[in-house]
2 protein chains.
Amino acid sequence: MSTRTAAIVLIGDEILLGKVDDENARFLIGELRRRGVALRRITVVPDVVAEIAEAVREASARCDYVFTSGSVGPTHDDLTMQAIADAFARPIVRHPVVEKMIRDHYGEGLDERNLRMADLPEGAELVLPSSTMWPVPAVQNVYILPGIPALFRRKFLAIAERFSAAPFFVAAVYSAEDEGKIADALDAVVAEHASVQVGSYPKLDATDYRVKVTLESKDRAAVDAAVDALCARLGAAVVRVERAS
Amino acid sequence: MSTRTAAIVLIGDEILLGKVDDENARFLIGELRRRGVALRRITVVPDVVAEIAEAVREASARCDYVFTSGSVGPTHDDLTMQAIADAFARPIVRHPVVEKMIRDHYGEGLDERNLRMADLPEGAELVLPSSTMWPVPAVQNVYILPGIPALFRRKFLAIAERFSAAPFFVAAVYSAEDEGKIADALDAVVAEHASVQVGSYPKLDATDYRVKVTLESKDRAAVDAAVDALCARLGAAVVRVERAS
C-alpha cells in the first residue's frame with residue numbers, strides 16, 4: 001500500500017524571531033500520524049514572498065499534501081496568497097464566493113481591507129466543510145491555513161477526513177547496552193526487514209535503559225517479525241518490549 | 001551595520017514522526033536572538049542522505065551560519081556526516097585528532113564502531129573550546145551538533161562566543177482595534193521606517209487588546225521613532241506600549 005506524504009510550511013517571522021513558539025506544526029505532526037500520512041518535511045520561512053513561494057513550490061513537488069500556516073490576514077505582512085500565486089505562476093483574483101461571505105459577515109461594518117481576504121490565487125479550490133463558516137482555500141495540493149493556533153486547529157480538523165489513510169504500527173525495544181554495542185544487530189535487522197523503519201534513540205538520563213529502538217510500518221506483521229529478530233539478536237540486553245498496538 | 005544570518009537544519013525522523021518534540025531549534029532561536037544573529041530558516045528533514053545534503057547546501061549558500069542537529073552517532077541512521085560531505089563534494093576521512101580522543105576515552109573498552117565518530121568530511125574544522133572534552137566539527141559555515149538536547153545545548157554554548165554580534169531592540173504596541181482597522185496605519189509606518197521590522201499579531205483570547213504590533217531593529221533610535229509614529233497614527237486605539245530595553 002502506498003503511503004501519502006506531507007510537508008508543512010510555517011510562514012512566520014514570529015517563530016524565527018522567537019516571539020512565539022510553534023504550536024501548529026506540533027499539532028499537525030500528531031494529526032497526520034494518526035491518519036497514516038507520512039510527514040516528510042517542515043520548513044519555517046520568514047515573511048518574504050520569494051522565500052515562501054520557493055518553499056511552497058518545492059514542497060508541492062515533493063509531497064502529496066502541503067499545509068501552510070500563517071500570513072493570511074489583512075495586513076502588510078500577510079503574504080501567503082501572493083507567494084502561493086507566484087509559486088504556481090497564477091494571478092491573484094477576487095473570489096466571488098468568499099467576497100460574498102465577507103460582505104454578509106461584516107454587513108455595515110465592512111472595511112474595504114477585509115475584502116483582501118477574498119483575494120486568492122486564480123483557480124483556488126474552496127474546501128467547504130459543513131462544520132465551519134469559512135472555507136479552506138487550496139491550490140493544487142497546497143492547503144492554506146491561518147497561523148493563529150486555535151483557527152489552524154479548527155480548520156484542519158474540519159477538512160481532516162480527506163487525508164485519512166491506513167495507520168502506522170509502531171513498536172519499541174529498550175536496550176540496556178549503548179548504541180555502539182547494538183549497532184551491528186540494528187544493521188542486520190534493517191537489512192533483513194527493509195519494509196520496517198528502524199530508529200535508534202540513546203537516552204542519557206533514563207535509569208533502566210540506554211537506547212530506545214523504534215520499529216514501524218503500515219504492515220503490523222512486518223513490525224512483529226522485525227521486533228522478534230531484534231530481540232533474538234540483542235538477547236539479554238533487552239530491557240523491555242512495547243509491541244505495536 | 002550588517003546582521004549575520006543563520007539557518008537550522010534538524011535531521012530527524014523522530015521529530016517528523018512525532019516521537020519527540022523539538023527542543024533544539026527552540027533553544028537555538030533564543031540563543032541566536034540574544035546574540036543578534038538573524039535566524040532566517042528552519043528545516044526539518046528525514047533521515048535521508050540526499051535530503052539532508054540538499055537542505056544543508058541550500059542553507060549554507062543562503063546564510064552566514066548553519067547549525068545541524070542530530071544523526072551523528074554510530075548507528076545505521078546516523079547520516080549527517082555523509083550528507084554534509086556530499087553537500088560539499090568532499091570524501092569522508094578519519095580525523096586523526098578525533099580518533100585519538102576516542103581511543104583515549106574508551107581505552108580497553110573501545111568498540112571499532114565508536115571510531116565511526118572520527119569519520120568526518122575532509123577538511124572539517126574542529127572547534128575546540130576549552131570547556132568541553134569533545135570538539136564541534138564544522139565544514140565551511142556549517143556547525144555539526146548532536147541531536148540529544150543536553151549535548152546540543154552544551155556544545156552550542158561552548159562555541160557560542162564566536163557568533164555574538166550587536167543585539168536587536170524590540171518594542172511592542174498593543175492595539176484595541178483589530179487588524180483590519182489598523183492596517184493602513186501599519187502600512188504607513190512600514191513605508192516610512194524601512195529599517196524597522198514590523199510584525200502584527202492578532203490575539204483572539206486576550207482581554208485587553210486585539211493586536212500586538214512588534215517593532216524591531218538593531219538601531220534603538222529607529223525603533224523609538226517608529227513606535228512614536230505608530231502611536232500617533234493609532235491614537236486612542238493604543239492600549240499600552242513596551243519600549244525597547
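What follows goes from the single chain to its sheets, and then to the contact and the symmetry.

Author: Keep in mind that this is a predicted model. The overall dimensions come first.

Reader: Into which domains is chain A divided?

Author: The assignment gives domain 1 (5-163) and domain 2 (169-242). Taken over C-alpha atoms, the centres of these two domains of chain A are separated by 38 Å. As for secondary structure, chain A has eight helices and 12 strands.

Reader: How should I read a sheet?

Author: Strands of a sheet pair through backbone hydrogen bonds, either parallel or antiparallel. Take a sheet within chain A: four strands form an open sheet in the order β10-β11-β9-β12, with antiparallel pairing. Its edge strands are β10 and β12 (238-242) of chain A, each of which pairs on one side only. From one strand to the next the twist averages 15°.

Reader: How many bridges pair β10(A) with β11(A)?

Author: Six bridges, in the antiparallel sense, join β10(A) to β11 (residues 211-217) of chain A. Within β11(A), V211(A) stands opposite P202(A).

Reader: Which strands does α7(A) lie across?

Author: α7(A) lies across β9 (169-175), β10 and β11 of chain A, at about 175° to β10(A). Helix α8 (residues 220-234) of chain A lies across β9, β11 and β12 of chain A, and runs at about 10° to β9(A).

Reader: What is the strand order in the open sheet of 12 strands?

Author: The order is β6(A)-β7(A)-β8(A)-β3(A)-β1(A)-β2(A)-β2(B)-β1(B)-β3(B)-β8(B)-β7(B)-β6(B), and the pairing is mixed. β6 (125-127) of chain A and β6 (125-127) of chain B stand at the edges with a single partner strand each, so one side of each has no neighbour in the sheet. The twist averages 20° from one strand to the next.

Reader: How many bridges join β2(A) to β2(B)?

Author: Three bridges join β2(A) to β2 (residues 38-45) of chain B, and the two strands run antiparallel. I42(A) has V44(B) as its bridge partner in β2(B).

Reader: Which helix of chain B lies across β1, β2 and β3 of chain B?

Author: Helix α2 (residues 24-34) of chain B does, running at about 170° to β1(B). Helix α3 (residues 49-62) of chain B also packs on the sheet, where it touches β1, β2, β3 and β8 (142-145) of chain B.

Reader: How many residues does each chain give to the contact?

Author: Chain A gives 42 residues and chain B gives 42 residues. Among the elements of chain A that each supply at least two residues to the side touching chain B are α2 (24-34), β2 (38-45) and α7 (179-192). The residues on that side of chain A divide into 17 nonpolar, 11 polar and 14 charged.

Reader: And how is symmetry read?

Author: Two copies of a chain are related by a rotation about an axis and a shift along it.

Note on methods: Residues numbered from 1 in each chain as written. Chains lettered and ligands numbered in written order. Predicted model: local features only at pLDDT ≥ 70, side-chain atom pairs only at ≥ 80, totals over all residues. Contact = placed C-beta atoms within 7 Å. Nonpolar A, V, L, I, M, F, W, Y, C, P; charged D, E, K, R; others polar. Pairing = 2+ DSSP bridges. Axes fitted to C-alpha atoms, helices over the stretch in contact; angles between N-to-C directions. Domains from an automatic or database assignment.
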